[in-house]
Amino acid sequence: MTDIFREVEEDVRREKLEKLWKAYGNYAVAALVLLFAGIAGWQVWERHEAQERAKVSDAFIAAQRITNPQTAASTFADIARTAPRGYAELARLSEAGAMFASGQTGPAIELYKQIAKDDNGPIGAVARLRAAWATADTASRKDLADLVKPLDQPGSPWRQNAQEVLAYADYRAMDTKGALAKYAILAADPESPDSLKRRAQAMTDFLRSGGAISYGTVPVPPPPAPNAAAGPAPAAPAPAAPAKTPAAPKPAK
């Protein structure tokens, strides 16, 4: 009896499956086709993206090897126009650096500031710091403080770098006390990078030893020594013999 019931159940199940297949079989086949087509398309796209990234990477490395800064800046600009977002941002940053190296100071600083405005990540932070250092000798302390303010925040990994810019601004403004205090804090801060600590300690020692004091003007250098290869200098002409003074007339007797 058990076998009969089992056979009946299997027949009923088979009939249900046949009905379901007749009703929805075409949809199931279409769904499977779409699924496999989607997987294949995704794999093709991934392969294409990998190839494009490899091409951009090779072009970026080649641009870094260009020794002429003007040519390098133009090449990086071309890469930035067509590269994916990550490489495009790096290319813009490198373009600004090449422009600065070629003497295009103003446009380079503007590009650094634009990158900092467009990007809130590490690339934007680096661009902001480079813009600050590029203007550290010409901008006012307020302008520098405004520029690095987004980095000079509690918990920011770039805060010590921003504080170094402000310490230099104090030093340039002859605020020795303020500069010394900032450099001393940076030198003792465990969060400061090692290279920054060394610079801050060197500036601390320099300022404590009176290095920022102005002692007046530099003496005028002595005239250059005569060139030995040119031979001895011509002798100065001998003074002319004094003219003969006529004898005074004798008094009449």
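1. Sequence separation of contacts. Of the contacts in the chain between residues at least 6 apart in sequence, 44% join residues at least 24 apart; a contact here means heavy atoms within 4.5 Å. The model is predicted, so local features need pLDDT of at least 70 and side-chain atom pairs count only at pLDDT 80 or more, while totals for chains, interfaces and linings use all residues. Residues are numbered from 1 along each chain as its sequence is written, and side-chain values use heavy atoms, with hydrogens and water left out.

2. Secondary structure. The chain has nine helices and zero strands, and its elements from the N terminus on run α-α-α-α-α-α-α-α-α. Helices (H or I, at least four residues) and strands (E, at least two) are DSSP runs, numbered from the N terminus.

3. Burial and surface. Of the 253 residues, 26% count as buried; buried is under 20% relative accessible area, exposed over 50%, and partly exposed in between (1.4 Å probe, protein chains only). The chain exposes about 18,200 Å², of which carbon and sulfur atoms supply 60%. These areas come from the Shrake-Rupley method with a 1.4 Å probe; for residues, only the protein chains shown count as cover.

4. The end of helix 1. Ala 63 lies in helix 1 (residues 2-64) and counts as buried because its relative accessibility is 2%. Not counting residues up to four places away in sequence, Ala 63 touches Ala 72, Thr 75, Phe 76 and Ile 79. For Phe 76, which is 13 residues from Ala 63 in sequence, the C-alpha to C-alpha distance is 6.6 Å.

5. Helix 3 against helix 4. Helix 3 (residues 85-101) and helix 4 (residues 105-118) pack at about 155 degrees, with axes 7 Å apart. Axes are lines fitted to C-alpha atoms, for helices over the stretch in contact, and angles run from 0 to 180 degrees between N-to-C directions. The pair is therefore roughly antiparallel (angles over 145 degrees count as roughly antiparallel, under 35 as roughly parallel, 65 to 115 as roughly perpendicular, and the rest as oblique). The crossing of helix 3 with helix 4 is left-handed, a term for a near helix turned anticlockwise from the far one by less than a right angle, clockwise being right-handed.

6. Residues of that contact. Helix 3 contributes Arg 85, Arg 92, Leu 93, Glu 95, Ala 96, Gly 97, Met 99 and Phe 100, which meet Thr 105, Pro 107, Ala 108, Leu 111, Tyr 112, Gln 114, Ile 115 and Asp 118 of helix 4. By class, the contact of helix 3 with helix 4 has nine nonpolar, three polar and four charged residues. Ala, Val, Leu, Ile, Met, Phe, Trp, Tyr, Cys and Pro count as nonpolar, Asp, Glu, Lys and Arg as charged, and the others, Gly among them, as polar.

7. Tyr 112. This residue of helix 4 counts as buried because its relative accessibility is 5%. Leaving aside neighbours within four places in sequence, Tyr 112 is in contact with Leu 93, Ala 96, Gly 97, Ala 127, Arg 130 and Ala 131. Tyr 112 and Ile 123, eleven residues apart in sequence, have C-alpha atoms 9.9 Å apart.

8. Helix 5 against helix 6. Helix 5 (residues 122-134) and helix 6 (residues 141-148) pack at about 170 degrees, with axes 9 Å apart, and are therefore roughly antiparallel. Arg 128, Ala 131 and Ala 132 of helix 5 make the contact with Leu 144, Leu 147 and Val 148 of helix 6. These residues divide into five nonpolar, no polar and one charged.

9. Helix 7 against helix 9. The axes of helix 7 and helix 9 come within 11 Å and cross at roughly 20 degrees, which makes the two helices roughly parallel. Helix 7 passes helix 9 in a left-handed crossing. On the helix 7 side the contact is made by Gln 160, Asn 161, Glu 164 and Tyr 171, and on the helix 9 side by Leu 196, Arg 199, Met 203, Phe 206 and Leu 207. The contact divides into five nonpolar, two polar and two charged residues.

10. Individual residues in this region. Asn 161, in helix 7 (residues 159-172), counts as buried at 19% relative accessibility. Beyond its neighbours within four places in sequence, Asn 161 is in contact with Leu 129 and Leu 196. Arg 198, in helix 9 (residues 194-208), counts as exposed at 58%. The C-alpha atoms of Arg 198 and Ala 187, eleven residues apart along the chain, are separated by 7.0 Å.

11. A backbone point. Met 174 lies in the loop between helix 7 and helix 8 (176-188). Although not a glycine, Met 174 has a positive phi of about 65 degrees.
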